[in-house]
Amino acid sequence: MCTIYATDRYKRRTARRTTTPGSLQRWTATVGVTALLLLATIGSVVQCQTFIRRTANVCRTDDECPVQAYCERYNSVHEYGVCSCMAGYFAVTDNNNTRRCLRAATDIGDYCLHNDQCQYTLSTGNSECRDNSCQCVDGAHYVEREKRCYKTSFLGEYCRLTNNCIGNDTYCRDGICVCTPGKHPNTDRNRCLHDAKLGDQCFRDEECVTDNSRCSKEICTCRVSHVLNEQRNRCLPIASKIYDLCEENIQCLYNIPHSQCRITTGTDGITAGRCTCASRFHEAGFKCVSSVHLNGICEVNDNCVDRDTGCFHGRCRCIDHMIEVDGICSGSLRLQRGSILAGLATLLFLVQWYAGFS
């Protein structure tokens, strides 16, 4: 943004391009200063405002001019001149339509009476005199390194200049405010935080950039609902029961002892993993229990995997009314055995009865 200081008569005088030696020298100097101002703004968005220095008072001596003004003459031939504000001052019009010279503010917070005092240095349109103090307007912020007010753009919003982007370590890239490499926006999108990965030092949760991570004891770790993967660079969700989705065994083992993550490819070509029981274990009530065969040592009935078996006195045995035949439990053979015993008992009775008559 540039600011050009001029007078009403200056515009007419430069338009005529007076060729007297004195006026030509002053005109050349003025053009040179203006050119330097324009060159200084190359690479920035330029918005110019004219601040008037002449008070329009006709004068012959400096004493006839307002405070902080002097009598300016075109050359020594003219008897009269026009009152102009001193360097660092400019003319403003009071309520009674008279002009006086006010000092331009040089920094944020300087004392002021008029908006132009602030805009002289701090930026036209983005600064104002509020409660007799130069401040940035709402929606603008002060950039210390530039000593000026700029329209505020938060991270992710449109920008024209890097100075529009609020917060340190920000810059305008392709018209959008972003953080410098190695940093990311905070929750309010008004500040950039250092990227802290798993195992890195941290001071708040939002510094940790890994998904589902948090800051615990000043170190980035996985949240309580997640577990660190084998490569220690990701946080994976913890499975709560058998058949939950998984990628690695640790997800299943965290809550389900004796489980594993089984990766399979379906008929649709999609590969996915689910928590299943490990070898020599089977599922019972969405948990994994050890598999025990007939006559093996057991703790509960769920251990016994063979048909028609249960845990009796620490061993897997055939349930009631069944007997073990060739390593399996059979009910029909037990009934047949009963019939044979009943027949033998009858035969014995008959033998004894016959012997009694002999």
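**View 1. The structure holds 18 disulfides, and one of them joins C165 to C177.** A disulfide is a covalent bond between the sulfur atoms of two cysteines, and here the term is given to a pair of cysteine sulfur atoms within 2.5 Å. This is a predicted model, in which local features need pLDDT of at least 70 and side-chain atom pairs count only at pLDDT 80 or more, whereas totals for chains, interfaces and linings use all residues. Residues are numbered from 1 along each chain as its sequence is written, and side-chain values use heavy atoms, with hydrogens and water left out. The sulfur atoms of C165 and C177 are 2.1 Å apart, and the torsion about their S-S bond is about -90°, so this disulfide is left-handed. C165 lies in the loop between β11 (148-151) and β12 (170-173), while C177 lies in strand β13 (residues 176-179), so the pair ties together parts that are 12 residues apart in sequence. The names of such elements come from DSSP runs, numbered from the N terminus, where helices are H or I with at least four residues and strands are E with at least two. C165 is buried, with a relative accessible area of 5%, and C177 is buried as well, with a relative accessible area of 2%. Buried means under 20% relative accessible area, exposed means over 50%, and partly exposed covers the range in between, for a 1.4 Å probe and protein chains only.

**View 2. A disulfide links C222 and C235.** The two sulfur atoms are 2.1 Å apart, and the S-S torsion of C222 and C235 is about -90°, so the disulfide is left-handed. C222 belongs to strand β17 and C235 to strand β19 (residues 235-237), so the pair ties together parts that are 13 residues apart in sequence. C222 is buried at a relative accessible area of 14%, and C235 is buried at 9%.

**View 3. Strands β16 and β17 form a hairpin.** Strand β16 (residues 213-216) and strand β17 (residues 219-222) run antiparallel and are joined by four bridges; two strands are said to pair if DSSP finds at least two bridges between them. The bridge partner of R214 is T221 in β17. Two residues stand between the strands of this hairpin, and K217 takes a positive phi near 55°.

**View 4. C304 forms a disulfide with C316.** Their sulfur atoms are 2.1 Å apart, and with -90° about the S-S bond the link of C304 and C316 is left-handed. The pair links distant parts of the chain, with C304 in the loop between β24 (287-290) and β25 (309-312) and C316 in strand β26 (residues 315-318), 12 residues apart. Both C304 and C316 are buried, and C304 has a relative accessibility of 10%. Leaving aside neighbours within four places in sequence, C304 is in contact (heavy atoms within 4.5 Å) with V292, C298, T309, G310, C311 and C316. From C-alpha to C-alpha, C304 and L294 are 7.2 Å apart in space, although 10 residues apart in sequence.

**View 5. Three strands make an open sheet in the order β3-β5-β4, with antiparallel pairing.** Strands β3 (54-59) and β4 (69-72) stand at the edges, each with a single partner strand, so one side of each is left without a neighbour in the sheet. The twist averages 35° from one strand to the next, where axes are lines fitted to C-alpha atoms, for helices over the stretch in contact, and angles run from 0 to 180 degrees between N-to-C directions. Strand β4 is joined by four bridges to strand β5 (residues 81-85), and the two run antiparallel. In β5, V82 is the bridge partner of E72. Strands of a sheet pair through backbone hydrogen bonds, either parallel or antiparallel.

**View 6. A search of the whole structure finds one aromatic pair.** The rings of F90 and Y120 have their centres 5.3 Å apart and their planes at 10°, so the pair is stacked. Rings of Phe, Tyr and Trp (its six-membered ring) pair if their centres lie within 6.5 Å, and planes under 30 degrees apart count as stacked, over 60 as edge-to-face and the rest as tilted. F90 in strand β6 (residues 89-93) and Y120 in helix α3 (residues 115-122) are 30 residues apart, so that the pair links distant parts of the chain. Both F90 and Y120 are buried.
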